[in-house]
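Subject: Model handover and findings

Hello,

Here is the structure you will be working with. Please load it before reading on.

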Amino acid sequence: MNTFRLQFRFLAPLFLVIAATAYLTVPLVDQLSLRWTVRDLNSRSQLIANTISDNVFDAVTSLDHVRLDSIFNRLIMDERVLGVGICDHDGQLSEKTAGFPDGISCSVADAVAKKSSPTLKLTRGSVHIAVEPLDRGVLSLGELILVHDLSYAEKRGEDTRRYLILFFVILGSVIALITVITAHLSLRGWVAGARALMRGEGLLKPFETSSPELQPLAQDLRAMLRELEEERRSRESPQDLWTPEKLRDLLHADLRGDEVLVVSNREPYIHENTPDGIVVKRPASGLVTAVEPVMRACSGTWIAHGSGSADRLVVDSNDTVQVPPDKPSYSLKRVWLTKEEEEGYYYGFANEGLWPLCHIAHVRPVFRVSDWEYYKAVNQRFADKVIASARTDDPVILVQDYHFALLPQMIRERLPRATIITFWHIPWPNPESFSICPWRAELLRGMLGSSILGFHTRYHCKNFIETVDRFLETRIEHEHSIIRLDNRETLVKSYPISIHWPDEAEEASWPSIEDCRSELRQRFGLSASHQVAIGVDRFDYTKGILERANAVERMLEKHPDMIGKFSLIQVAAPSRSSLDEYRYFQERLLQRVEEINQRFGNESYKPFILLAEHQGSNVLTRYFRGAEACVVTSLHDGMNLVSKEFISSRNDLAGVLILSQFAGAAGELPEALIVNPYHVEETADALYRAMTMPEGEQRERMRNLRTTVRERNVYRWAGHMLQDAARSRRRERIEARLLSHSENC
Ligand code: GDG
């Protein structure tokens, strides 16, 4: 509306000016054209007179009327010549042609011819009169009168006037049209500029469509925003730690209590039938460890595969159960899968295909068409469940991991206003490795249905962006890590995952370090001074457990004095054991462990103690606290939470972390002993160094490690993602408002 008012204010004076110009110009052009016509007729008349005067003279003097008529008749054959006549010395019209206008006498002709514009208005129209002397030498016969019809000139004037008016009307319309279009475009330009400004992007790029006049302003604002953001982040001092309360506040303030849904394959609580009745189990999963605190804070709905034998027995008619069992604070909605679906989608496509594809662990990915079909179908099933569970049309949906690469796009199609945050918990390979997957484009498109796509490290983000660049037609803003596909944008960003940092009450519930040490040693029949390193992993070939065993062997070779005094206790929680690769790996490890234990051990001593069973989380904490070191030698790992759990358990500031350079955590924890697990020598040396490290050095390293993990805890991980989601929602709301404003205009 405002635009129209603006345009009207500009157009009204414009039309007035054009009308006034037309009003002044038309008569002027009329006069000008008459003057040119008169001048033409003057010369024409003179030319005619000069041409015929001799002949006329001869005809008159010889009284040859026939000849005179013939000359005059030939003249009046010209349609513009109305008549020709001769005035004698007495001022009488002695000769005249037929059609000579009645009202023109010799005196009238003389009078008119003397005027600057020798024209005369008669009843039948205007005429031009020219009077030329008819003489030869000193002899004069009188004057030749030539009368030209001026009606054709009048008609031409009328035409000119009409064309002129038409010209002014067209000119006015064109100017008005240009004004309207320019006004609209410039408004849209400003709107686009404002939008880009709010996105904090685009305006600095010369090829962006935003209006140039906004660019300096945008630069200033962006710089200011960046400073504010940095200031805010730097203000994240230990006093301003991310806590469950802070996360809850964020959800209420920034997301205004918006609906939050989580989707993952693994459920956070598994109900199992046992001889003692139904028991609830917590799975050994980094993902569950990380996401559970978020759900506790926001009381949303978690949708996951119901895999427990008693899962169906405890749900309501909506397949939902309230959890945690001791203090229900959110809903767990279960999706049921058939054995075939689980095998195809989970074991097949996700774990035999995508898992080895994304981890550089030298295990070949297997891609079967049937698995792919199940993967698609199960993703669709979860999408349907999410859509059916959503109470609003713009929920915040947290999609977890490589089991659901297609889900974001499937949800997006039905809930276009949803904010979909997908977190990929495992590494992202380089484009060459990813190209192995026959359905690479479909997977990438599916993931780009997300509003935000999170990885643990910048390196994984870079790999993902390069992969998209290689295989899809998209627009990528490398500066801001934004990928645009089908008019939608996905922010690709790193959010290093972490753990819940224990509070004082939890720490107080832990047994003392001394108790943990002695309990651990007693359990495995070791002496009080026996040195122990601990490893805790799912029994997975990516975790480098075999390389760890090799390092133990090499360390004992190099330092025989350690034989009988050192053991590595390895917890290997069973995982995906039905898959061939996992079985082969487990068999190979058992064999290797057997060899090492035979070589260096005896009846009462084993240098490598393998516990291939799931342990309670409180047991793990005690093991961490009772060991001299924790060994993480993953061949490739998205982040690795075990390293952070070890650090959090060591409030005595003792203990050494040995950490693979190929775990995402290595980037955050440089005070660990960083090793290349493929380098047996280096890992063996690190083991020895850990066992011999002075207490002071352990303290220094551990203090820094603890500060890092405490500050960069899991609430910060979730908080940063949700803050970005809130920011994107605010931006979308403002954009929608601007769009509707510009459309109303
Ligand atoms: C994926 C990524 C990323 C292990 N054994 C037992 C047990 N666990 C717990 C650990 C830890 C979790 O499982 C394992 O987490 P990780 O991070 O080490 O590894 P993944 O399971 O492969 O997790 C990984 C993670 O997702 C999060 O994004 O860090 O890179 O691969 O919490 O303590 N827990 C219990 N008993 C066991 O026997 N209770």
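Below are the ground rules, then the ligand site, the domains and some individual residues.

This is a predicted model, where local features need pLDDT of at least 70, side-chain atom pairs count only at pLDDT 80 or more, and totals for chains, interfaces and linings use all residues. Residues are numbered from 1 along each chain as its sequence is written, and side-chain values use heavy atoms, with hydrogens and water left out.

**Ligand site**

The ligand is surrounded by 26 residues. A residue is near a molecule if one of its heavy atoms lies within 4 Å of it. The closest are His-425, Arg-538, Gln-615, Asp-637 and Glu-645.

By class, the shell holds eleven nonpolar, eleven polar and four charged residues. Here Ala, Val, Leu, Ile, Met, Phe, Trp, Tyr, Cys and Pro count as nonpolar, Asp, Glu, Lys and Arg as charged, and the others, Gly among them, as polar.

Now the polar contacts. A polar contact is a pair of N or O atoms within 3.5 Å; within protein, one must be able to donate a hydrogen and the other to accept it, and residues adjacent in sequence count only if both atoms are side-chain atoms.

- Gln-615 uses a backbone N or O atom, 2.5 Å from a nitrogen atom of the ligand.
- Asp-637 places a side-chain N or O atom 2.6 Å from an oxygen atom of the ligand.
- His-456 has a side-chain N or O atom 3.3 Å from an oxygen atom of the ligand.

The ligand taken alone exposes 720 Å², and the protein buries 94% of that. Accessible areas come from the Shrake-Rupley method with a 1.4 Å probe; for residues, only the protein chains shown count as cover.

Which elements build the shell? At least two residues each come from helix 7 (286–298), strand 18 (531–538), strand 19 (566–573), helix 19 (617–626) and helix 20 (642–649). Helix 7 gives the largest share, three residues. Helices (H or I, at least four residues) and strands (E, at least two) are DSSP runs, numbered from the N terminus.

**Domains**

The domain assignment gives domain 1 (21–154), domain 2 (246–494) and domain 3 (504–712). Such bounds come from an automatic or database domain assignment. Domains 2 and 3 both give residues to the shell around the ligand, so the ligand lies between them. The C-alpha centres of domain 1 and domain 2 are 101 Å apart.

**Helix 6**

Helix 6 spans residues 244–253, and Leu-247, Leu-250 and Leu-251 are buried in it. Buried means under 20% relative accessible area, exposed over 50%, and partly exposed in between (1.4 Å probe, protein chains only). Seen down the axis of helix 6, its buried residues fall within an arc of 100 degrees, so they line one face of the helix. The arc is that of the directions from the helix axis to the C-beta atoms. On the other side of helix 6, His-252 and Ala-253 are exposed.

**Backbone points to check**

The peptide bond from Val-323 to Pro-324 is cis, with omega near -10 degrees. Pro-324 sits in the loop between strand 10 (320–323) and strand 11 (330–335).

Ser-299 is not a glycine, yet its phi is positive, near 55 degrees. Its loop runs between helix 7 and strand 9 (301–305). Ser-299 is partly exposed, at 49% relative accessibility.

His-362 also has a positive phi, of about 60 degrees, and is not a glycine. His-362 is exposed, with a relative accessible area of 65%.

**Other residues in loops**

Tyr-402 lies between strand 12 (396–400) and helix 11 (407–414). Is Tyr-402 buried or exposed? Tyr-402 is buried, with a relative accessible area of 1%. Tyr-402 and Ser-264 are 138 residues apart in sequence, and their C-alpha atoms are 9.4 Å apart.

Ser-498 is in the loop between strand 17 (488–494) and helix 15 (504–509). Ser-498 is buried, at 0% relative accessibility. A polar atom of the Ser-498 side chain lies 2.8 Å from the backbone oxygen of Arg-712.

Ser-577 is in the loop between strand 19 and helix 18 (580–600). Ser-577 is partly exposed, with a relative accessible area of 31%.

Best regards
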